[in-house]
Amino acid sequence: MRTPAHQPLSLAASATNLRWLLSIRLIVVVGLLIAMAYVELNNKSTLHYPIHLGAIFIYAILTLATALRLRKKWPVTDVEYFAQLMFDVIIVSVLLYFSGGASNPFVSYYLVPLTISAAILPWRYTWMIAGLSITAYSLMLFYFQPLGAMDEHAQHSASNTSFNQHVLGMWFNFSLSAGLITYFVVKMASSLRQQEARLVCRREDELRDEQILAVATLAAGTAHELGTPLSTITVLIDEMEQDYQEQGPLKDDLLLLRQQVASCREILRGLVNTAETHSAAQRKTVAVDDYLKHILEHWQVLRPSVCFELTVASHTAMATLDVDATLEQAIANLLNNAADASTQALLINLDWNQQFITLSIRDHGPGVPLDIGHHIGKPFVTAKGKGLGLGLGLFLSHATVARY
């Protein structure tokens with residue numbers, strides 16, 4: 001039996017994060033229009049109106065299309081969110097190219113999509129956005145369409161290097177900030193994701209423990225109540241064996257019935273012994289192949305009509321495991337589920353390596369219905385039909401393995 005370790009939950013690309021990005025875009029669009037109006041009213045420069053208005057129009061159309069897309073129940077993937085941020089970088093680059101390039105004070109807006117990516121997306125996407133932003137910024141140090149006022153200032157400052165040094169300092173500051181954000185913010189965001197994942201796993205474990213405690217309380221009460229009817233059945237079997245000693249087939253059936261009743265009593269005694277052993281934290285070390293064969297022999301007494309084929313890996317190194325009685329019951333639950341699902345022989349395979357012991361139990365049944373597939377493993381969920389199963393076997397087996 002092999003269960004994967006808890007994986008950190010991803011905070012990436014959710015519909016809520018994408019809505020926040022749309023809000024930022026609306027603020028940017030309004031800010032750009034206000035800036036263009038200010039420049040025009042003050043006659044400070046000559047704008048490339050068709051290009052600027054066209055880029056803003058495309059930006060607004062994408063924002064509207066994304067808002068309509070969010071009305072659908074499609075999941076927002078990391079790739080989609082990355083594509084949205086890349087589009088933001090491209091639009092900003094186009095606007096800056098026709099607005100003075102690196103000398104435009106709004107060039108620092110590149111840090112906004114970079115910071116968002118560092119906080120939300122995996123590191124590889126953040127590095128790509130950082131690379132594109134730094135490349136675009138670097139190219140616009142040399143290739144750009146100047147604004148009128150800025151061009152005059154640049155020409156007036158040609159006799160000294162203060163303006164060029166200022167632009168170069170802005171570029172260096174941006175590159176350093178981009179590197180720091182890409183590395184450290186990604187690390188901090190990853191740490192927050194892992195912390196939240198641990199909290200979620202802890203809440204799930206606490207909920208599972210509460211459910212197990214409720215089931216254990218119910219089992220203890222049920223075990224106490226079953227003692228009386230089992231005693232009554234035993235007495236009736238004794239009387240029937242005396243009355244029908246001459247009838248061979250019926251006598252065989254009564255013998256089988258007595259064995260089943262004895263097994264039920266043994267299970268009830270084992271329940272009490274397991275509780276005592278578990279409370280004392282007593283475990284024993286066993287060889288896994290001998291341990292599995294012992295479980296199958298015991299289980300075959302309860303399910304004599306079930307056939308199975310056992311395959312044990314032939315490794316030179318023997319695998320051992322510290323076990324208590326709960327693990328045996330967990331494996332028996334899986335065997336019972338497989339036997340109930342198919343009338344064909346079960347295929348049981350045991351293998352191990354230096355890290356894992358893998359037990360595979362395969363049946364040839366119809367499978368799990370899709371409508372309850374995502375609920376499998378939760379308490380009181382069963383695919384056997386009403387009245388045929390309690391929906392606890394797989395839940396308890398999973399809890400036992402997770403505890404190990």
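## Basis of the description

A residue is called buried when its relative accessible area is under 20%, exposed when that area is over 50%, and partly exposed in between, with a 1.4 Å probe and protein chains only. At 33% relative accessibility, isoleucine 51 therefore counts as partly exposed.

The structure is a predicted model, in which local features need pLDDT of at least 70 and side-chain atom pairs count only at pLDDT 80 or more, while totals for chains, interfaces and linings use all residues. Residues are numbered from 1 along each chain as its sequence is written, and side-chain values use heavy atoms, with hydrogens and water left out.

## Overall composition

The protein chain contains 11 helices and 5 strands; these are DSSP runs numbered from the N terminus, with H or I over at least four residues for helices and E over at least two for strands. Of its 404 residues, 30% count as buried. The chain exposes about 25,100 Å², of which carbon and sulfur atoms supply 63%; accessible areas come from the Shrake-Rupley method with a 1.4 Å probe, and for residues only the protein chains shown count as cover.

A contact requires heavy atoms within 4.5 Å. Among contacts in the protein chain with a separation of 6 or more, 76% are accounted for by residues 24 or more positions apart.

## Nonpolar cores

In soluble globular proteins, nonpolar side chains tend to be buried together. A nonpolar core is here a set of buried Ala, Val, Leu, Ile, Met, Phe, Trp, Tyr and Cys residues joined through side-chain atoms within 4.5 Å. The largest such core has 37 residues, and those with the most contacts inside it are Tyr81, Leu85, Tyr110, Leu121 and Ile129. Two or more residues each are given to this core by α1, α2 (49-69), α3, α4 (111-120), α5 and α7 (162-243). The most is given by α3, with 9 residues.

Isoleucine 129, leaving aside neighbours within four places in sequence, is in contact with Phe82, Leu85, Met86, Val89, Leu114 and Ser117. A second, separate core of 20 residues includes Ile295, Leu335, Ala338 and Ala339.

## Aromatic pairs

A pair of aromatic rings is described by the distance of the centres and the angle of the planes. Rings of Phe, Tyr and Trp (its six-membered ring) pair if their centres lie within 6.5 Å; planes under 30 degrees apart count as stacked, over 60 as edge-to-face and the rest as tilted. By this rule there are 3 aromatic pairs. The rings of phenylalanine 82 and tyrosine 125 have centres 4.9 Å apart and planes at 35°, so this pair is tilted. Because phenylalanine 82 lies in helix α3 (residues 78-97) and tyrosine 125 in helix α5 (residues 123-139), the pair ties together parts that are 43 residues apart in sequence. Both phenylalanine 82 and tyrosine 125 are buried.

Tyrosine 97 and phenylalanine 98 form an edge-to-face pair, 4.9 Å centre to centre with 90° between the planes. Tyrosine 97 is partly exposed at 29% relative accessibility, whereas phenylalanine 98 is buried, with a relative accessible area of 18%.

Serine 93 is placed in helix α3 and is buried, with a relative accessible area of 16%. A polar atom of the serine 93 side chain lies 2.8 Å from the backbone oxygen of valine 89. Beyond neighbours within four places in sequence, serine 93 is in contact with Tyr110, Ala136 and Met140.

Isoleucine 51 belongs to helix α2. Outside the four-place neighbourhood, isoleucine 51 is in contact with Val94 and Phe98. Serine 14, found in the segment before α1 (15-42), is partly exposed, with a relative accessible area of 25%.

## Asparagine 333 and the cysteines

Asparagine 333 is located in helix α10 (residues 325-341) and is buried, at 12% relative accessible area. Not counting residues up to four places away in sequence, asparagine 333 touches Gly393, Leu396 and Ser397. Asparagine 333 and leucine 392 are 59 residues apart in sequence and 8.9 Å apart in space, C-alpha to C-alpha.

With a disulfide defined as a pair of cysteine sulfur atoms within 2.5 Å, the count comes to 0 disulfides. Cysteine 264 is partly exposed at 36% relative accessibility, and cysteine 307 is exposed, with a relative accessible area of 54%.

Notes
Polar contact = N/O pair within 3.5 Å; in protein donor to acceptor, adjacent residues only side chain to side chain.
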